[in-house]
Number of protein chains: 2
Amino acid sequence: MDITEADGRLLDAAEALFYEHGIQAVGMDRIRAASGVSLKRLYQRFPSKDVLVEAYLRRRDGRWRGALAEYVATRPSAVERPLAVFDWLEEWFGEPDFRGCAFINAYGELGTASPAVSEAVRDHKAEVLRYLHGLVRDAGAAEPGPVAEQLAVLADGAITAAAIGGTPAPARSARKAASTVLEAAGVAQRQPAGCPAPGGHTVG
Amino acid sequence: MDITEADGRLLDAAEALFYEHGIQAVGMDRIRAASGVSLKRLYQRFPSKDVLVEAYLRRRDGRWRGALAEYVATRPSAVERPLAVFDWLEEWFGEPDFRGCAFINAYGELGTASPAVSEAVRDHKAEVLRYLHGLVRDAGAAEPGPVAEQLAVLADGAITAAAIGGTPAPARSARKAASTVLEAAGVAQRQPAGCPAPGGHTVG
DNA sequence: AATGGGCGAGAACGATCGTTCTCTCGTTTC
DNA sequence: GAAACGAGAGAACGATCGTTCTCGCCCATT
């Protein structure tokens with residue numbers, strides 16, 4: 001087993017176990033058992049649990065945003081893409097191992113104790129907001145910034161409500177609210193392109 | 001020190017420490033030191049840490065919803081009350097010891113391991129939703145159920161975004177989105193009572 | 001005044017944690 | 001072929017956890 005494969009197996013095991021059981025509930029020895037990588041190698045590659053936790057969060061961030069962007073990009077029209085985010089969330093909520101937002105969970109557990117974790121979580125949320133901002137801007141919203149922030153709040157809320165309630169339903173509530181917000185921001189949704197919404201409040 | 005005072009001191013210490021540092025990061029001995037109650041008495045009143053954690057969550061639930069309801073009830077008109085929830089959230093976010101939703105944090109940490117914690121968290125969210133439903137209904141929304149669910153998602157999202165970002169700003173984003181959602185549901189907001197919103201979409 | 005029971009202080013216990021060390025074995029290199 | 005190296009398995013270490021036990025003291029009852 002070469003180093004890149006060992007890294008992959010370690011991060012795969014860490015991600016599965018940390019996400020399912022929480023970080024403090026999973027010991028290093030359990031990651032060794034699940035990955036099949038010896039404890040010595042584990043500490044060669046990740047010199048402390050904190051380092052492993054941060055690597056887990058940063059790799060998950062990339063994968064998560066990549067999967068979201070890949071799904072959203074299949075929508076042919078830019079005006080549909082902001083709402084597609086919530087369709088993707090609904091699919092994610094329905095997966096059997098869904099257990100909420102890994103970053104929110106990590107922050108609640110270690111945000112006070114570990115600055116590295118706090119920073120990784122903040123970076124993730126900032127990247128998601130940036131991504132939403134691009135989607136909202138390309139959809140033609142009058143003021144993309146505030147709208148993107150509202151969509152980010154809706155997405156975070158949907159994730160936590162779905163995790164706690166154990167149902168994907170909050171994705172639909174969030175989608176409906178997002179639709180209302182986008183419509184109020186002048187983003188047409190059912191009509192073909194080039195047809196501005198009637199009575200759009202051009203605030204400002 | 002009689003039993004009721006010991007209980008109060010224990011729950012006060014548990015709440016402060018669990019909320020600030022997370023549950024697994026706080027040992028029973030630290031709660032003993034902070035409360036001034038002996039370990040023997042602690043285990044007489046709360047026979048295990050799990051019992052103490054559940055008692056902490058349930059008492060915090062009552063206090064939290066009580067403070068919210070007290071604040072909202074000061075608004076004279078029913079149509080203002082749903083949005084007042086987000087004003088209260090903004091004040092809460094600005095408190096120096098704010099660290100997100102105690103229930104979401106506890107769920108992320110112990111939701112897998114402790115059914116008692118999961119149930120307490122679910123009960124809290126269900127009660128909040130019930131409360132929002134009453135506010136939205138009394139404000140005159142056409143379909144209070146879906147609107148209340150959207151407001152609940154917005155509140156949850158605002159709490160997590162504020163915790164991670166370290167700023168109260170998400171309360172304003174959530175409030176703006178809530179305002180848009182309420183307006184679309186036929187709840188007039190600026191006008192005095194008895195003046196139905198023009199062009200309200202009476203869906204259904 | 002004698003005594004007994006409950007309480008506080010803190011030691012003790014077994015388990016588990018993150019991390020390091022030891023021992024052994026297979027491989028490589030001169 | 002011998003010696004040096006690297007890696008795996010797992011014991012070991014010190015710390016900390018949740019929980020229980022011991023001991024000495026204070027107070028109440030007779």
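Across all chains of this predicted model, a search of the whole structure finds 14 aromatic pairs, a pair being rings of Phe, Tyr or Trp (its six-membered ring) with centres within 6.5 Å, stacked if the planes are under 30 degrees apart, edge-to-face if over 60 and tilted otherwise. One of them joins A:Phe93 and A:Phe98, tilted at 40 degrees with 4.9 Å between the centres. A:Phe93 counts as buried because its relative accessibility is 5%, and A:Phe98 does so at 12%, where buried means under 20% relative accessible area, exposed over 50% and partly exposed in between, with a 1.4 Å probe and protein chains only. In chain B, B:Trp92 and B:Phe93 form a tilted pair, 5.8 Å centre to centre and 40 degrees between the planes, and both residues are buried.

Charges also meet rings: the charged end of A:Arg60 sits over A:Tyr19, 4.1 Å from the ring centre, and B:Arg60 lies over the face of B:Tyr19 at 4.1 Å, the criterion being NZ of Lys or CZ of Arg within 6 Å of the ring centre and within 35 degrees of the ring normal.

Turning to DNA strand C, polar contacts (N or O atoms within 3.5 Å; within protein, one must be able to donate a hydrogen and the other to accept it, and sequence-adjacent residues count only if both atoms are side-chain atoms) include a phosphate oxygen 2.7 Å from a polar backbone atom of A:Met28, and a base oxygen 2.9 Å from a polar side-chain atom of B:Lys40.

Residues are numbered from 1 along each chain as written, with chains lettered from A and ligands numbered from 1 in written order. Local features need pLDDT of at least 70 and side-chain atom pairs 80 or more, while totals for chains, interfaces and linings use all residues, and side-chain values use heavy atoms, without hydrogens and water.
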